[in-house]
Amino acid sequence: MTSDSAFQSAIPPTFSGSASKLGTPYSASSDLPSVDQPSATSSTGSKSGTTSTGSKRGPDNDMSQGKRSKRRKRTVALRAFIPVRVHGRDCIGILFTSGSIRGRGTTVYVVVGARDGKTYLALKTSWQDVARADDQAAVLKKLSDHKPHPNVITPSRLFDPMAKDRRVDSTLGSIRGLLDEEMEQLKVENRILTVTESELWRPVAYFWSPHDFVRGVIGALLGHQYLCEIGILHRDISENNIVLALCRGGLGALIDFDMAIVGRPNMHQDSPPPPRIHTDILASLIQPSFPSLADDKSYKAQRTGTTPYMSVGVLRGEPHTHFDDIESFLYVLVLFFLSYKGPLRKEALNAARVRGFIQPLGAGRLPHVTSWPDMFERWASGTFQEISDRKYSALGPASHAGFMQRSYPHIRSRWDSSSQTTAPALADLILKCWSMFSRHDLKVAHKQFIEVLREWLKQFASDEDNYVYPFDD
């Protein structure tokens, strides 16, 4: 997208010039205030003989008479480094960084647009598998060949790592210096650096009401429908890949095409299969009809997506279709309302928008973020087979009542402090969506899902009056 879009220009021009002028939190080298805290390092070889647990040990390394010394406190100076410039752009700070040790190493920076020196943009760096480079290039080309859609954030490449040689900026070719034949024999993913730039919208963590997030999902579904129309399958629907509008009442959008592929145009017009005749779902899991990938020794990932949001079919190793993406939207919706204890305060949301939604250094996790209940943590742990079985059994018609009974106390504990009417409204929304996917054997069309979400917005419009719109448009 162009940097002079209506959404981008709506962001307050709080910055111009060098990022180092922003002060300590965002300078290239920031010394955070010193803090007094217990030492976390072992003092082996020190005179005191105090370990990281504060226990005294004798010469033979046994506990000396079971006594414990008081924890010593010391001043620890923390230093963090934020680049002043990233790929030719003035950098404001980091918006997102992947917590995974193995993977693409994705980092998203908030940078200043080159055109006016004021507009904030999102600059993303990631290390893509060489095997997927052609797919990504084809997706970006198809996006650029079609008219922009208001609910799809189209990235633009700052450079093409495959333009000259497949070894350019690759982890095995350039960094490790391996020859082509050596790379083919080594069963390790070879990755190339990709850098893209796009509009900066609002991350979902900065929602101001439940209705605000639902409008975000509607927009992302509309964007996904458009992608299906032009022949692009996203394949990585997750909370992080949905963004919210920067204006009141606006719909959200879909981002991130790292896992997307080019497919058949108008795939969304495929009719969902007729609803299944419900029998005992758990019994059907005893002898599954899907192929097992347990014996696959490939070092490549067999599935695409983010595990808690993966569809039952994808978890089972079945071909990934647009219906799987739509099913992922269901899990995004459910898990969102269990991930937050209401919205941030108005002042915090306004301040976040002014700074481009970057998190100040040392701030840690946002205060309204909370962990999932154990019953939903199980969607992120275990084998793919186990996770698919858990989701599929919960979607059974006989399981609806039990599922909501177990879920509702967790919803209330997170949302009652914001509004006493919100938890019943959210339970109504989740049950309607959950039932819809169960009735249609997990194959739901965009239109069906969007209609349920729009109807809910109308039915519970008054509940949004309990929330305060925080932004100065």
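Predicted model: local features only at pLDDT ≥ 70, side-chain atom pairs only at ≥ 80, totals over all residues.
Figure 1. Of the 473 residues in the chain, 48% are buried. The accessible surface comes to about 23000 Å², and carbon and sulfur atoms hold 52% of that area. The chain has 14 helices and 17 strands. Among contacts in the chain with a separation of 6 or more, 73% join residues 24 or more positions apart.

**Figure 2. Helix α14, residues 446–459.** This helix has 14 residues. From the first C-alpha to the last, α14 reaches 20 Å, close to the 20 Å expected at 1.5 Å a residue. The buried residues of α14 are His 446, Phe 449, Ile 450, Val 452, Leu 453, Trp 456 and Leu 457. Seen down the helix axis, they fall within an arc of 160°, so they line one face of α14. In an α-helix there are 3.6 residues a turn, so residues three or four places apart point the same way. Lys 447 and Lys 458 are exposed, on the other side of α14.

**Figure 3. Cover over the buried residues of α14.** Among the elements that cover these residues are α5 (210–230), α8 (322–336) and α13 (422–439). A close-up of Phe 449 shows individual contacts. Neighbours within four places in sequence aside, Phe 449 is in contact with Leu 221, Ile 326, Phe 329, Leu 330, Cys 433, Met 436, Phe 437 and Val 444.

**Figure 4. The largest nonpolar core and a second, separate core.** The largest nonpolar core holds 78 residues. Within this core, Phe 337, Phe 449 and Leu 453 touch the most other members. Helix α13 gives the most to the core, with 10 residues. In soluble globular proteins, nonpolar side chains tend to be buried together.

Figure 5. Cys 433 is one of the residues in contact with Phe 449. A disulfide is a covalent bond between the sulfur atoms of two cysteines. A search of the whole structure finds zero disulfides.

Conventions
Residues numbered from 1 in each chain as written. Heavy atoms only, no water. Disulfide = S-S within 2.5 Å. Helix = DSSP H or I, 4+ residues; strand = E, 2+ residues; numbered from the N terminus. Buried < 20%, exposed > 50% of the residue type's maximum accessible area, 1.4 Å probe, protein only. Contact = heavy atoms within 4.5 Å. Areas by Shrake-Rupley, 256 points an atom, 1.4 Å probe, with all protein chains shown as cover. Expected span 1.5 Å × (residues − 1). Arc of directions from axis to C-beta. Core = buried A, V, L, I, M, F, W, Y, C linked by side-chain atoms within 4.5 Å.
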